[in-house]
Amino acid sequence: MGEIGIPRREFLYDIRFWEVRRIVRGYRQRDRLKHQLIAECVYAATYAMRDPKGKTVSDMFPMFFEDDDDDYDEPPISEEEVADLLADMEAFNAETPNK
């Protein structure tokens, strides 16, 4: 069975951090419309069953309507956090048999 997406080794070791951030951002945006439509359906059910008390869909589900660009203004992780993550990956790779 072939791999779907990016191979594990490439994602963990070969891709640069800014590329990883772009990939993760793309995965998050892929489901954005679906989540917004689900929020609209929940809001419609709430509106039909009881008074929404002046609330809108974005008031009830703000996480589905936030702009992802704000998340990428924060500074990257520190060198200490990078070292911890690399140590964790080495430990995980030592436990996991190669395919």
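Is D84 buried, partly exposed or exposed? I looked this up to start: D84 is partly exposed, with a relative accessible area of 45%. The classes I used are buried for under 20% relative accessible area, exposed for over 50%, and partly exposed in between, with a 1.4 Å probe and protein chains only.

Basis. I am working from a predicted model, where local features need pLDDT of at least 70, side-chain atom pairs count only at pLDDT 80 or more, and totals for chains, interfaces and linings use all residues. I number residues from 1 along each chain as its sequence is written, and side-chain values use heavy atoms, with hydrogens and water left out.

Confidence. I noted a mean pLDDT (the predictor's confidence in each residue, from 0 to 100) of 78 for the chain, with 85% of its residues at 70 or more. Confidence is lowest in α2, at a mean of 79, and highest in α5, at 87.

Fold. I found five helices and zero strands in the chain; helices are DSSP runs of H or I with at least four residues, strands are runs of E with at least two, and both are numbered from the N terminus. Of the 99 residues in the chain, 12% are buried.

Surface patches. I placed D84 in helix α5, residues 79-95. D84 gathers with E80, E81 and D88 in a surface patch of negative charge. Patch residues have over 30% relative accessible area and no salt bridge, with like charges joined within 9 Å and nonpolar side chains (Val, Leu, Ile, Met, Phe, Trp, Tyr) within 5 Å. A salt bridge here is a side-chain nitrogen of Lys or Arg within 4 Å of a carboxyl oxygen of Asp or Glu. I also found a nonpolar surface patch of F17, I77 and L85, with about 270 Å² of accessible area together. F17 lies in helix α2, residues 17-30, and is partly exposed at 43% relative accessibility.

C41. I found C41 in helix α3, residues 32-49, and exposed at 54% relative accessible area.

How values were computed
Accessible areas come from the Shrake-Rupley method with a 1.4 Å probe; for residues, only the protein chains shown count as cover. Lys and Arg count as positive and Asp and Glu as negative; His and the chain ends are not counted. The place of a charge is taken as NZ of Lys, CZ of Arg, CG of Asp or CD of Glu.
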